[in-house]
Amino acid sequence: MSTIKVDVVSAEEQIFSGDAEFVALPGQEGELGILPQHTPLISLIKPGFVRITMPGNKEIKQVFVAGGVIEVQPYHVTVLADTAIRSEEMDRAKTEKAIADAREARSKAASDVDLAKIDAELAVLAAELAAIEKLKRHH
């Protein structure tokens with residue numbers, strides 16, 4: 001089976017780079033499935049998991065993304081994520097603490113801009129917590 005090169009990057013770091021047989025992720029208009037030689041495409045992505053099926057052994061790598069953009073070329077997929085976390089690095093307690101900290105900061109916000117930033121952070125954290133729950137149910 002042929003493969004497609006996949007790069008998943010966030011503002012902070014490169015999260016994944018390698019070959020895959022298949023990539024699935026939550027597009028803005030619904031679930032996207034990408035095989036080698038896919039038609040070129042650029043789309044917004046919603047919070048959720050990028051699932052990367054590795055060549056041969058059918059292992060699936062999962063990366064949580066909080067949203068972003070995907071660019072697909074026939075032999076290369078690039079996911080530019082606002083925030084990206086490898087599934088094995090997701091930590092429920094840490095996420096719950098971050099939500100509590102953000103809620104406290106929200107109660108002390110001095111401006112509408114600060115409120116908007118904190119609300120955006122809370123939305124990402126809520127999506128991450130939902131993803132952790134989904135991951136836990138499937139294991």
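Reader: How many bridges join strand β1 to strand β2?
Author: In this predicted model, β1 covers residues 4–9 and β2 covers residues 14–20. The two strands run antiparallel. The bridges that join them number 6.

Reader: How many residues lie between β1 and β2 in the hairpin?
Author: β1 and β2 run antiparallel. Together they form a hairpin. The number of residues between them is 4.

Reader: In which sense, parallel or antiparallel, do β1 and β9 pair?
Author: β9 spans residues 76–81. It pairs with β1 over 5 bridges. One of the residues concerned is V8, whose bridge partner in β9 is V79. The sense of the β1 and β9 pairing is parallel.

Reader: What is the volume of the second largest pocket?
Author: Residues that line this pocket include T83, I85, K94 and L125. E89, D91 and E128 are also among them. The pocket volume is about 210 Å³.

Reader: Which helix gives the most to the lining of the second largest pocket?
Author: α1 (92–107) and α2 (112–137) each supply at least two lining residues. The top contribution is 4 residues. It comes from α2.

Reader: How many charged residues does the lining of the second largest pocket have?
Author: The lining has 4 nonpolar residues, with 2 polar ones beside them in the count. E121 and K94 are among the lining residues. The charged residues number 5.

Technical notes:
Residues are numbered from 1 along each chain as its sequence is written. This is a predicted model: local features need pLDDT of at least 70, side-chain atom pairs count only at pLDDT 80 or more; totals for chains, interfaces and linings use all residues. Side-chain values use heavy atoms; hydrogens and water are left out. Two strands pair if DSSP finds at least two bridges between them. On a 1 Å grid over the protein atoms alone, a cavity is a set of points where a 1.4 Å probe fits but cannot get out, and a pocket is an open set with protein on both sides within 12 Å along at least five of seven lines; lining residues have an atom within 4 Å of a point. Grid points are joined across faces, edges and corners, and a volume is the space filled by probe spheres set on the points. Ala, Val, Leu, Ile, Met, Phe, Trp, Tyr, Cys and Pro count as nonpolar, Asp, Glu, Lys and Arg as charged, and the others, Gly among them, as polar.
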